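Open the model in your viewer and keep the selection tool at hand. This tour goes stop by stop.

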Amino acid sequence: MKKTIFNYPEHKGGSSNHWEVGGRPQCDKCAAEFGIAHSIVSRLWRQFQTTGTALRGFSSGRPRGTTPADDRYIALQGRRNRRQTAGEIARHTTHSTGRPISRFIVVRRLNVGGLFARLPVRCVPLTPTHRRRRSLWCREHRNRRDNEWERVLFTDESRFSLSSDSHRILIWRKRRSRSHPSNITERDRYGGGGVLVWRGIMLGSRTDLHSFDAGSVNGTRYCNEILLPYVRLFRAAVGPEFLFMDDNAQCHRTVAAEQILESEDIERMDWPARSPDLNPIEHVWDFLGRRLAARTLPPVTILELQLALEDE
């Protein structure tokens with residue numbers, strides 16, 4: 001190819017001077033014939049005029065630190081124990097192969113294999129009994145229609161803190177600037193104060209957001225602040241088909257709460273233990289948390305937090 005390119009003007013009846021700056025038409029014609037860019041032909045010709053050759057010395061680049069078998073071994077370790085760090089996998093691979101392998105190579109090989117470092121999804125611990133009861137509850141209720149679900153009032157409590165630890169707020173920062181004051185967010189270890197709220201939702205309706213004052217919620221407060229002013233009114237509005245759902249918290253299952261539900265003829269839905277993910281109101285709490293985190297001026301006092309929750 002080299003001989004053909006540089007003899008192109010002669011065997012076409014041209015002159016070698018056409019390859020110089022004034023010979024662009026010949027360069028374009030030669031590049032079009034071989035399907036390459038004009039700049040490549042021009043650069044090779046300048047190199048040939050200077051050195052007398054246009055040969056290019058090819059190199060294989062930096063040698064790979066791992067073999068294909070090592071790559072498969074690294075990916076296998078990552079899948080077998082997903083909690084291993086890249087440094088631990090690098091040490092195990094180095095010990096097995098006898099060649100030094102850095103954690104950066106391990107990260108790249110895992111990424112090629114489709115494995116990336118991410119936070120694990122959190123869930124409550126479940127025993128076989130919990131799983132069996134959850135599965136049974138889902139099978140019993142999977143065929144319910146909308147007109148059956150629209151008479152169910154789903155309720156729950158949630159706590160919102162002034163110092164959020166939800167990890168939803170991200171910042172843009174340069175490398176090696178983690179400890180710069182502009183990249184640091186102050187947060188108390190135990191949240192720095194917060195608000196415990198309650199709400200109920202059902203198809204086409206919802207209750208007001210109720211904020212509990214300071215102190216823990218016991219059975220008496222649950223009856224006086226939730227069951228009587230909210231649940232009893234919804235029972236009267238919906239009718240005898242009304243179905244009340246609350247979880248198995250201790251304050252929900254007191255004798256006083258059972259007596260009020262029985263006296264008001266309020267039917268309670270059976271609910272499996274350790275099943276917060278089955279309650280659709282969890283989506284409401286997640287939405288509220290995201291809206292609070294997205295505020296330009298986050299609340300700094302308990303009163304501001306209560307007002308922000310009510311506004312959202």
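At what angle do the axes of helix H5 and helix H6 cross? Select residues 68-80 for H5 and residues 86-97 for H6. Their axes cross at roughly 140 degrees and come within 10 Å. That makes H5 oblique to H6, because angles from 65 to 115 count as roughly perpendicular and those over 145 as roughly antiparallel. The H5 and H6 crossing is right-handed. Bear in mind throughout that this is a predicted model.

**Stop 1: where H5 meets H6**

Show side chains on both helices. On the H5 side, pick Asp70, Tyr73, Ile74, Gln77 and Gly78. Their partners in H6 are Ile89, His92, Thr93, Ser96 and Thr97. Colour the contact of H5 with H6 by class: six residues are polar, three are nonpolar and one is charged.

**Stop 2: H6 and H7**

Now select Ala86, Gly87, Ile89 and Ala90 in H6. They meet Arg103, Val106, Val107 and Leu110 in H7. In this contact of H6 with H7, six residues are nonpolar, one is polar and one is charged.

**Stop 3: H5 and H7**

The H5 and H7 axes come within 9 Å and cross at roughly 80 degrees. H5 and H7 are therefore roughly perpendicular to each other. From H5, select Asp71, Ile74, Ala75 and Gly78. From H7, select Val106, Arg109 and Leu110. By class, the contact of H5 with H7 has four nonpolar, one polar and two charged residues.

**Stop 4**

How much space lies in the second largest pocket? About 520 Å³. To find the pocket, select Arg82, Gln84, Phe116, Ala117 and Arg118, the closest to its centre of the 17 residues that line it. Which helix gives the most to the lining? H7 does, with three residues. Finish by colouring the lining of this pocket by class: nine residues are nonpolar, five are polar and three are charged.

Key:
Residues are numbered from 1 along each chain as its sequence is written. This is a predicted model: local features need pLDDT of at least 70, side-chain atom pairs count only at pLDDT 80 or more; totals for chains, interfaces and linings use all residues. Side-chain values use heavy atoms; hydrogens and water are left out. Axes are lines fitted to C-alpha atoms, for helices over the stretch in contact, and angles run from 0 to 180 degrees between N-to-C directions. Helices (H or I, at least four residues) and strands (E, at least two) are DSSP runs, numbered from the N terminus. Angles under 35 degrees count as roughly parallel, over 145 as roughly antiparallel, 65 to 115 as roughly perpendicular and the rest as oblique. A crossing is left-handed if the near helix is turned anticlockwise from the far one by less than a right angle, and right-handed if clockwise. Contact means heavy atoms within 4.5 Å. Ala, Val, Leu, Ile, Met, Phe, Trp, Tyr, Cys and Pro count as nonpolar, Asp, Glu, Lys and Arg as charged, and the others, Gly among them, as polar. On a 1 Å grid over the protein atoms alone, a cavity is a set of points where a 1.4 Å probe fits but cannot get out, and a pocket is an open set with protein on both sides within 12 Å along at least five of seven lines; lining residues have an atom within 4 Å of a point. Grid points are joined across faces, edges and corners, and a volume is the space filled by probe spheres set on the points.
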